[in-house]
Amino acid sequence: MKTIASLAITALFALCLLACNGGGQGEPQQVRTVHPARQPLQVILIGGPGAGKGTQAAKIKEKYGIPHISTGEILREEVAKGTSLGMQVKEVMERGELVADSIVLALVENRLKQPDCQKGFILDGFPRTVAQAQGLEPILQKRGHPGLKVILLEVSDREMMQRLLARKRADDTEETIKNRIAKYHAETVEAIRYYEEKGLLSRIDGEQSIEDVFADIDADLEE
Ligand code: B4P
């Protein structure tokens, strides 16, 4: 009797181990590290061209499971697909100029209406002008969620130039980059001041390693 009971216990223990290891498929299952935000996490990443907005947005998305909305990416897709919007913005982007505020605002408004944005979002590269920042306000008010976090990645012009020349994207020629950096100082710095005056801005040293930049952003988001 004793032997039957101990066999049964051993079998139960083995079954339990199998279940914990994902049905006995060799390696234990990976635990996903998505940390659902306590409230809809609404993040804006601002910085010059090549400051690392796209790089850090991907890491925030991975940790918090909220969608990454890159206006640059959306515009590049339109150009690649050859849509009428894409044809309209292609030359502007090739010159390193900013696309018209009305176009970018309409794209963002449309994207934020998608159901996946209910749990929050990361805006990467938007707003880039005060007009875009002001245009975003009624869109966010309609959503009724407070708690906007605006994160500025601070990187010197020299470092931005070096990073982008190394990346070699279609709009990463020396002349275009110079233009984009000039636009950043002429236009985006005003949008940064706009958020700073509202007390919403956090400044992060974007010249650290990718992991250290993320650690600083993450500490700020956890506050
Ligand atoms: P974006 O797509 O926003 O691109 P970006 O500013 O060039 O780059 P980002 O900051 O995302 O840099 P990334 O992480 O890739 O804009 C492109 C164009 O679209 C604009 O010029 C404009 O024409 C148009 N546009 C977009 N939004 C607009 C808007 N709202 N209004 C009007 N026009 C708009 O990093 C760059 C490189 O650095 C990568 O190679 C990366 O690996 C490296 N890197 C990142 N972090 C690093 C670190 N900490 N250390 C070392 N290297 C790092």
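This is a predicted model: local features need pLDDT of at least 70, side-chain atom pairs count only at pLDDT 80 or more; totals for chains, interfaces and linings use all residues.
Figure 1. The largest cavity holds about 30 Å³ of space. Its lining consists of Leu 45, Ile 46, Gly 47, Lys 53, Gly 125, Phe 126, Pro 127, Arg 128 and Thr 188. Strand 1, residues 41-47, gives the most to this lining, with 3 residues. Sorted by class, the lining of the largest cavity comprises 4 nonpolar, 3 polar and 2 charged residues.

**Figure 2. The cis peptide bond from Phe 126 to Pro 127****.** Omega for this bond is near -5 degrees. Most peptide bonds, by contrast, are trans. Pro 127 sits in the loop that runs between strand 3 (120-124) and helix 6. Both Phe 126 and Pro 127 are also among the residues that line the largest cavity.

**Figure 3. The largest pocket, with a volume of about 820 Å³****.** The lining is made up of 41 residues, and those closest to the pocket centre are Pro 49, Lys 53, Arg 128, Arg 169 and Arg 180. Two or more lining residues come from each of helix 2 (53-64), strand 2 (68-70), helix 3 (71-81), helix 7 (157-167), helix 8 and helix 9 (210-222). Helix 3 gives the most, with 5 residues. By class, the lining of the largest pocket has 11 nonpolar, 18 polar and 12 charged residues. Lys 53 and Arg 128 are also found in the lining of the largest cavity.

**Figure 4. The largest pocket in relation to domain 1 and domain 2****.** Domain 1 covers 41-67 + 116-221, and domain 2 covers 73-113. The largest pocket lies between the two domains, because both give residues to its lining.

**Figure 5. Packing of helix 6 against helix 8****.** Helix 6 spans residues 130-143 and helix 8 spans residues 174-197. Their axes are 7 Å apart and meet at an angle of about 45 degrees. This angle makes helix 6 oblique to helix 8. On the helix 6 side, the contact is formed by Val 130, Ala 133, Gln 134, Leu 136 and Glu 137. Helix 8 contributes Glu 190, Ala 191, Tyr 194 and Tyr 195. By class, 6 nonpolar, 1 polar and 2 charged residues make up the contact.

Figure 6. Phi of Lys 168 is near 60 degrees, which is a positive value in a residue other than glycine. Most residues other than glycine have a negative phi.

Notes:
Residues are numbered from 1 along each chain as its sequence is written. Side-chain values use heavy atoms; hydrogens and water are left out. Axes are lines fitted to C-alpha atoms, for helices over the stretch in contact, and angles run from 0 to 180 degrees between N-to-C directions. Helices (H or I, at least four residues) and strands (E, at least two) are DSSP runs, numbered from the N terminus. Angles under 35 degrees count as roughly parallel, over 145 as roughly antiparallel, 65 to 115 as roughly perpendicular and the rest as oblique. Contact means heavy atoms within 4.5 Å. Ala, Val, Leu, Ile, Met, Phe, Trp, Tyr, Cys and Pro count as nonpolar, Asp, Glu, Lys and Arg as charged, and the others, Gly among them, as polar. On a 1 Å grid over the protein atoms alone, a cavity is a set of points where a 1.4 Å probe fits but cannot get out, and a pocket is an open set with protein on both sides within 12 Å along at least five of seven lines; lining residues have an atom within 4 Å of a point. Grid points are joined across faces, edges and corners, and a volume is the space filled by probe spheres set on the points. Domain bounds come from an automatic or database domain assignment.
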